Amino acid sequence: MLDTDKAQNPRVVFALIIINKAGGLIYQRDFHEGLTKLSVNDYLILAGTFHGIHAITARLMPRPLAPPPPQKPTGIEVLESDAFRLQCFQTLTGTKFLLFTEPHQTNADVVLRRVYELYADYVMKNPFYQSEMPIRCEAFDRHLGSYVKSRQ
Amino acid sequence: MGPHVIKQWLSGPASSSAATGATKPLRPQSGSSVVSAGELDNGPARTRPSRLSAEDDAKLVFGTVFSLRNMVRKLGGPDDHFISYRTGQYKLHYYETPTNLKFVMLTDIKTNNLRMVLHQIYVSLYVEFGVSSITIYVVKNPLSRRYLEAIALLFIDIVVAVEHPGGEGVANELFEMGLESFIVCPQFYPPSGKG
């Protein structure tokens, strides 16, 4: 990666949120300022709301004029606003990874893939971690922090 | 802040093949309903009656948009505006006017930011055809300003929602026709081939 590239393409990640398959918040972390600080309760509500909206948007599909696409309809993948950009990656098991970045970030999906790898390595393979429970894995926090900070 | 008028159009594929000029026709709009919706596919869950009615779709869209808007406002600050979202199958563009009127447009995935387009629709078509019929009404009544604004908004809602009641129906048809020609026109499709 060239330095000029870094200057032109902001790579700031604001926050990461992980939602389990029932819609509950299991991980939330801020990396950079940019989003309003909310209380834990607010984040819980947000996760539940997003879970519901994700399900609705998967159903709310205009009738395709071409023959319908072969794959299952998906929910929100990208949400854009003035102040941030939200990229959502849903795993096959229903876990959702929400990444909040700057509005014009182009490589959010790369970051998400890497976060998913770290999740698989340091959370899923952790024998003391209970599925669908809040994530309290120190190795995951450490590696995630160093990965995200190294990109900024 | 209850739901005001929501206009919903489902446009055909707005991909960069506008050069071919072969655009699919817009679905026919019922000229005067509050929500001029096409048919929305209910997806793979066919256990319930095969398709939601247009009104149910409208309610779903409104609920989704409202919740997303609140979420964005909470996260990005009170001045933040939710612009659009994309799923694997479609893209939804959103524009809210200062008067809490909401414009929603669903297109295919490749379309870029349509916020300016929705703004144009609001400014040139809606305000011109939807509102012009009421300006005379507003000017003639020497009421207080807030009451006037409330009446004006209410009147706009009524104009759009009522079915061809003599004079008001004309303004609404003009709006629909203007909108259709605006959207189907090839210049509408922004060049989505870039970046």
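Visitor: How far does α1(B) reach from its first C-alpha to its last?
Guide: Helices (H or I, at least four residues) and strands (E, at least two) are DSSP runs, numbered from the N terminus. α1(B) has 23 residues.

Visitor: What pLDDT do local features need?
Guide: Residues are numbered from 1 along each chain as its sequence is written, chains are lettered from A and ligands numbered from 1 in the order in which they are written, and side-chain values use heavy atoms, without hydrogens and water. This is a predicted model: totals for chains, interfaces and linings use all residues, side-chain atom pairs count only at pLDDT 80 or more, and local features need pLDDT of at least 70.

Visitor: Which residue follows α1(B)?
Guide: Its phi is positive, near 100°. The residue is Gly77(B).

Visitor: Which residues have the most contacts inside the largest nonpolar core?
Guide: Such a core is a set of buried Ala, Val, Leu, Ile, Met, Phe, Trp, Tyr and Cys residues joined through side-chain atoms within 4.5 Å. Buried means under 20% relative accessible area, exposed over 50%, and partly exposed in between (1.4 Å probe, protein chains only). The largest core holds 35 residues. Those with the most contacts are Leu79(A), Phe84(A), Phe100(A), Tyr85(B) and Leu92(B).

Visitor: Which residues does Leu79(A) touch, leaving aside its neighbours within four places in sequence?
Guide: Contact means heavy atoms within 4.5 Å. In chain A the partners are Phe84(A), Arg85(A) and Leu86(A). In chain B they are Leu68(B), Val72(B), Phe82(B), Ser84(B) and Tyr85(B).

Visitor: How many residues are in the second core?
Guide: This core is separate. Ile18(A), Leu112(A), Val123(A) and Phe140(A) are among its members. Its count is 23 residues.

Visitor: How far apart are the end C-alpha atoms of α2(A)?
Guide: This helix covers residues 40-59 of chain A, 20 in number. At 1.5 Å a residue, it should span 28 Å. The computed separation agrees, at 30 Å.

Visitor: How wide an arc do the buried residues of α2(A) cover?
Guide: The buried ones are Tyr43(A), Leu46(A), Ala47(A), Phe50(A), Ile53(A), His54(A), Thr57(A) and Ala58(A). They lie on the same side of α2(A), because their arc around the axis is only 135°.

Visitor: Which residues are exposed on the other side of α2(A)?
Guide: The buried set includes Tyr43(A) and Leu46(A). Opposite that set, the exposed residues are Asn41(A) and Ile45(A).

Visitor: Which element gives the most to the lining of the largest pocket?
Guide: On a 1 Å grid over the protein atoms alone, a pocket is an open set of points with protein on both sides within 12 Å along at least five of seven lines, a cavity is a set where a 1.4 Å probe fits but cannot get out, and lining residues have an atom within 4 Å of a point. The pocket has a volume of about 800 Å³. Of its 28 lining residues, the closest to the centre are His54(A), Thr74(A), Gly75(A), Gln90(A) and Thr91(A). Five lining residues come from the top contributor, α2(A).

Visitor: How much space lies in the largest cavity?
Guide: The count is three cavities of 30 Å³ or more. Residues lining the largest include Arg69(B), Asp80(B), Tyr94(B) and Arg115(B). A volume is the space filled by probe spheres set on grid points, which are joined across faces, edges and corners. For this cavity it is about 70 Å³.

Visitor: Is Ala15(A) buried or exposed?
Guide: Ala15(A) lies in strand β1 (residues 13-19) of chain A. Its contacts beyond four places in sequence include Phe31(A), Leu35(A) and Phe100(A). At a relative accessible area of 2%, Ala15(A) is buried.

Visitor: What is the phi of Glu132(A)?
Guide: Glu132(A) sits in the loop between α3 and α4 (138-151) of chain A. It is partly exposed, at 25% relative accessible area. Most residues other than glycine have a negative phi. Glu132(A) is not a glycine, yet its phi is positive, about 70°.

Visitor: What share of chain A counts as buried?
Guide: Chain A has four helices and six strands. Their order from the N terminus is α-β-β-α-β-β-β-β-α-α. Of its 152 residues, the buried share is 43%.

Notes:
The expected span of a helix is 1.5 Å times one less than its number of residues. The arc is that of the directions from the helix axis to the C-beta atoms.
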